Amino acid sequence: MSSFHLSGLDHVQLAIPVGAEETARTFYVGRLGLVEVDKPEALAGRGGCWFEGPGIKLHLGVEDPFAPARKAHPALVVDDLEAAQVALDGGEISALPGLRRFYIADPFGNRIEVLAYI
């Protein structure tokens, strides 16, 4: 048995290609409504960008060579799944016990689940 207990999840990180920060900002701020936050000075020179929203911390790090996350993904909770589906050109809505969801891809091909609890 461990002498410690996990208490939460601080953030999720996805990879982006070298030089893709402006494209990331357009999507994560412009389409998803997150807010960009400054990276710590010690990490700023590595490229990438960090975003936050209610209960969300999403870090984008530069990876070279780049490969999108096609299976692993963050799942973002919304208050109106149908409105999000239209706004984000989302895929087909499916259901699991207690929630409904669809998937989208960011501009780099990273998979993102969008869900609402029912």
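Phenylalanine 27 is buried, at 6% relative accessible area; buried means under 20%, exposed over 50% and partly exposed in between, with a 1.4 Å probe and protein chains only. The model is predicted: local features need pLDDT of at least 70, side-chain atom pairs count only at pLDDT 80 or more, and totals for chains, interfaces and linings use all residues. Residues are numbered from 1 along each chain as its sequence is written, and side-chain values use heavy atoms, with hydrogens and water left out.

Aromatic contacts come next. A pair of aromatic rings is described by the distance of the centres and the angle of the planes. Rings of Phe, Tyr and Trp (its six-membered ring) pair if their centres lie within 6.5 Å; planes under 30 degrees apart count as stacked, over 60 as edge-to-face and the rest as tilted. Two aromatic pairs are found in the whole structure. Phenylalanine 27 and tyrosine 28 form an edge-to-face pair, with 4.9 Å between centres and 85° between planes. Tyrosine 28 is buried, with a relative accessible area of 0%. The rings of tyrosine 28 and phenylalanine 51 have centres 5.5 Å apart and planes at 20°, so this pair is stacked. It links distant parts of the chain: tyrosine 28 belongs to helix H1, phenylalanine 51 to strand S3 (residues 49–53), and they are 23 residues apart. Here helices (H or I, at least four residues) and strands (E, at least two) are DSSP runs, numbered from the N terminus. Phenylalanine 51 is also buried, at 0% relative accessible area.

Charged side chains were examined in turn. Side chains of opposite charge can pair when their charged atoms come close. The structure holds six salt bridges, each a side-chain nitrogen of Lys or Arg within 4 Å of a carboxyl oxygen of Asp or Glu. One of them joins lysine 57 to aspartate 10, with the closest N and O atoms 3.6 Å apart. Lysine 57 lies in strand S4 (residues 56–62) and aspartate 10 in the segment before strand S1 (12–16), so the bridge ties together parts 47 residues apart in sequence. Lysine 57 is partly exposed, at 37% relative accessibility.

Another salt bridge joins glutamate 36 and arginine 25, at 2.7 Å from N to O. Glutamate 36 is in strand S2 (residues 35–37) and arginine 25 in helix H1 (residues 21–31); the two are 11 residues apart. Glutamate 36 is partly exposed, at 34%. Arginine 25 is partly exposed as well, at 25%. Glu22, Arg25 and Glu36 are linked in a network of salt bridges.

Glutamate 113 and arginine 101 also meet in a salt bridge, at 3.5 Å from N to O. Glutamate 113 lies in strand S8 (residues 111–117) and arginine 101 in strand S7 (residues 99–105), so the pair ties together parts 12 residues apart in sequence. Glutamate 113 is buried, at 8% relative accessibility. Arginine 101 is buried too, at 18%.

A charge also meets a ring. Arginine 111 lies over the face of tyrosine 103, at 3.8 Å from the ring centre; a charge sits over a ring if NZ of Lys or CZ of Arg is within 6 Å of the ring centre and within 35 degrees of the ring normal.

Two backbone features remain to be described. The peptide bond from aspartate 64 to proline 65 is cis, with omega near 5°. Proline 65 is in the loop between S4 and strand S5 (75–77). Aspartate 89 is not a glycine, yet has a positive phi of about 55°. Aspartate 89 sits in the loop between helix H3 (81–87) and strand S6 (94–96). Aspartate 89 is exposed, at 64% relative accessibility.
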